[in-house]
Amino acid sequence: MDWMTVLVRFALYVVLMLVFGLPLFQLHALRKPERSSVLAKKFSNLAVALAVVGIILSTISMVLMVKAMSGAADFSAIEAHMIEMMLTETSFGIAWCLRIAMLVLFVAAGLFVSRAHTLRLCILSLAGAVALATLSWGGHGAMDEGVRGELHLAADIIHLLAAGAWVGALAVFVLMLVWRYGDGPADIALLSRTLNGFALMGTVIVGSLLITGAINYWLIVGPTFAGLLSSQYGQLLIAKLFLFALMLALAAANRYRLSPLLERAHISGEHREAITALQKSLLFETACAFLILVLVAWFGTLGPMTE
């Protein structure tokens with residue numbers, strides 16, 4: 001197991017999902033005046049910083065890929081023509097160039113489009129979406145050709161974007177509790193409103209993940225469960241599904257129990273207990289999401305049903 005590759009893949013998943021998910025959630029959940037608030041500015045600054053990290057991680061991932069594909073004994077044996085060939089003659093390299101271009105656009109828009117807040121968030125969301133989608137060319141999504149390959153890539157891209165929207169929303173809620181929470185009624189009202197407003201998007205996200213996850217399984221493994229328990233790939237997949245089910249349970253608890261509790265507590269003014277319960281649930285859900293991404297980064301380097 002090449003743990004360096006797994007670690008870089010995991011870091012790229014987290015960073016690019018946040019790069020996409022943070023501005024998308026602001027665009028969806030915040031009202032127009034709120035998009036120019038101090039809180040929104042903090043989210044945008046964080047997203048820009050993460051985009052810079054994404055460029056660095058992408059550069060490291062390219063070097064690791066060139067080393068693996070060329071069979072170089074160590075990094076000093078990598079020559080310029082190997083990198084040039086990877087960038088210009090492989091789908092992975094072309095997708096990598098597109099990712100870098102989108103991340104540079106993301107940073108430029110975040111730094112220089114300062115007055116048109118809605119326009120800035122639209123540009124950031126679109127650039128982040130394309131950058132995140134390019135990860136599909138570094139995993140199982142690029143394993144097929146023809147119509148089957150197009151279907152696999154499309155399913156993988158939708159799966160990534162849905163996951164990125166969920167991870168971004170979780171990050172926003174956690175950061176709102178860390179950065180903005182106080183005794184002010186406006187802070188609690190904003191948190192309560194955005195939590196309740198996420199219900200529809202959350203339903204779309206979960207539905208997209210379930211459908212595209214099933215399609216990806218069928219395209220990678222086929223219509224069989226043979227070897228699911230005996231192979232390392234299958235065991236990691238089962239662990240991922242268990243964590244996903246746990247995230248669904250926590251999301252349902254947030255939606256149907258903790259969000260209404262926070263709304264009632266906001267009205268009564270006694271919100272500390274509701275905030276504490278929500279913090280614990282969101283942090284647990286976020287931890288599950290990170291563990292899922294670790295597993296995805298791991299079994300993305302394995303062949304289907306690899307022992």
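How many salt bridges does the structure hold? In this predicted model, the structure holds 1 salt bridge. Arg193 is paired with Glu34, and their closest N and O atoms are 2.8 Å apart. The two partners come from distant parts of the chain: Arg193 belongs to helix α7 (residues 185–220), while Glu34 sits in the loop between α1 (3–29) and α2 (38–70), 159 residues apart. Side chains of opposite charge can pair when their charged atoms come close. Arg193 counts as partly exposed, at 24% relative accessibility.

Aromatic rings come next. Across the whole structure, 6 aromatic pairs are found. In one of them, Phe25 and Phe173 have ring centres 5.2 Å apart and planes at 80°, so the pair is edge-to-face. Phe25 lies in helix α1 and Phe173 in helix α6, so this pair ties together parts that are 148 residues apart in sequence. Phe25 also forms a tilted pair with Phe198, with 6.0 Å from centre to centre and 50° between the planes. Here helix α1 is linked with helix α7, the residues being 173 apart. Phe25 and Phe198 are both buried, and Phe173 is buried with a relative accessible area of 3%.

Charges also sit over rings. The charged end of Lys67 is placed over the ring of Phe75, 5.5 Å from its centre, and Arg148 lies over the face of Trp218, at 5.7 Å from the ring centre.

Finally, Thr134 is found in the loop between α5 (117–133) and α6 (146–180). Thr134 is buried, with a relative accessible area of 2%, and its side chain makes a polar contact of 2.9 Å with that of Arg99.

Conventions:
Residues numbered from 1 in each chain as written. Predicted model: local features only at pLDDT ≥ 70, side-chain atom pairs only at ≥ 80, totals over all residues. Heavy atoms only, no water. Helix = DSSP H or I, 4+ residues; strand = E, 2+ residues; numbered from the N terminus. Buried < 20%, exposed > 50% of the residue type's maximum accessible area, 1.4 Å probe, protein only. Polar contact = N/O pair within 3.5 Å; in protein donor to acceptor, adjacent residues only side chain to side chain. Salt bridge = Lys/Arg side-chain N within 4 Å of Asp/Glu carboxyl O. Phe/Tyr/Trp six-rings, centres within 6.5 Å; stacked < 30°, edge-to-face > 60°. Lys NZ or Arg CZ within 6 Å of the ring centre and 35° of its normal.
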